[in-house]
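Notebook open, structure loaded. I want to look up a few residues and see what surrounds them.

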Amino acid sequence: MMIDSRLKAVYDGRSGTDAEQQALTDQFAVSLGPQGVDDLLDGACTLIYMFMQWLRMAYEDHDKDVVECVVPNLVATMRMMPRSVRPEAIPTMAGLLVAAGTGLSPSLWRKQYGDWTMDEMNPLEATAFLLAEHINRLTDDRDFATRMITEALTRADEA
């Protein structure tokens with residue numbers, strides 16, 4: 001939902017984070033507790049994995065490699081976002097994208113390097129956001145990425 005609301009804000013021409021929305025997001029994060037935060041991080045990694053798998057299949061249909069087509073563009077975009085994505089977090093996000101694009105669980109990939117840090121929270125959110133926006137641009141449908149996740153969750157609930 002956070003990714004969807006950020007996408008809608010960008011598409012509506014609103015830049016930055018609404019103070020009220022940020023306060024609600026912060027309040028929600030505090031209410032989760034340690035296990036809830038871990039679950040939220042796993043959820044973000046799952047989104048990144050699902051987005052990269054969809055992109056992998058889409059690019060393979062055109063005989064292209066997802067890592068080659070997606071990672072350099074996202075890294076370049078993150079470099080243009082120094083307030084949201086600190087430069088030292090970019091290699092971690094690139095590694096996360098490569099892991100997801102090659103079929104590895106981003107959560108398991110990250111565990112080998114230790115726990116997530118507070119400095120990696122914004123870059124992680126930005127990575128999920130940028131992937132969703134990339135998918136929406138490819139499909140020429142502003143709601144495609146959100147709808148894809150909603151449909152996957154609906155199918156999982158039915159199973």
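Started with Arg110. Is Arg110 buried or exposed? I get a relative accessible area of 7%, under the 20% cut-off, so Arg110 goes down as buried. A reminder to myself that this is a predicted model.

Where does Arg110 sit? I find Arg110 in helix α5, residues 106-111. What does the side chain of Arg110 reach? I noted the backbone oxygen of Asp115 at 3.0 Å, plus a salt bridge to the side chain of Glu120 at 2.7 Å, N to O. That pair links distant parts of the chain: Arg110 is in helix α5 and Glu120 in the loop between α5 and α6, 10 residues apart. I checked burial for both partners, and Glu120 is buried, as is Arg110. Setting aside neighbours within four places in sequence, I list Asp115, Trp116, Thr117 and Glu120 as contacts of Arg110.

Next, the other salt bridges. How many salt bridges are there in the whole structure? My search gives six. One of them joins the side chains of Asp119 and Arg86, at 3.2 Å from N to O. Asp119 lies in the loop between α5 and α6, Arg86 in the loop between α3 and α4, and 33 residues separate them. I have Asp119 as partly exposed at 46% relative accessible area, and Arg86 as partly exposed at 39%.

I also looked at Asp141 and Arg147, which form a salt bridge with their closest N and O atoms 2.3 Å apart. Asp141 is partly exposed at 21% relative accessibility, and Arg147 is partly exposed at 34%. Shared partners join Arg86, Glu88 and Asp119 into one salt-bridge network.

Then Val85, in the loop between α3 (66-79) and α4 (90-101). I read 1% relative accessibility, so Val85 counts as buried. Leaving out residues within four places in sequence, I see Val85 in contact with Met78, Ile90, Pro123 and Ala126. I also took a C-alpha to C-alpha distance from Val85 to Glu125: 9.5 Å in space, 40 residues apart in sequence.

Last entry, the core. Which residues have the most contacts inside the largest nonpolar core? I noted Ile48, Met52 and Leu131, in a core of 37 residues. The elements giving two or more residues to this core are α2 (19-60), α3, α4, α6 (121-139) and α7 (144-158). For Leu131, not counting residues up to four places away, I list Ile48, Phe51, Met52, Leu55, Val70, Leu74 and Leu97 as touching.

Terms used
Residues are numbered from 1 along each chain as its sequence is written. This is a predicted model: local features need pLDDT of at least 70, side-chain atom pairs count only at pLDDT 80 or more; totals for chains, interfaces and linings use all residues. Side-chain values use heavy atoms; hydrogens and water are left out. Helices (H or I, at least four residues) and strands (E, at least two) are DSSP runs, numbered from the N terminus. Buried means under 20% relative accessible area, exposed over 50%, partly exposed in between (1.4 Å probe, protein chains only). A polar contact is a pair of N or O atoms within 3.5 Å; within protein, one must be able to donate a hydrogen and the other to accept it, and residues adjacent in sequence count only if both atoms are side-chain atoms. Contact means heavy atoms within 4.5 Å. A nonpolar core is a set of buried Ala, Val, Leu, Ile, Met, Phe, Trp, Tyr and Cys residues joined through side-chain atoms within 4.5 Å. A salt bridge is a side-chain nitrogen of Lys or Arg within 4 Å of a carboxyl oxygen of Asp or Glu.
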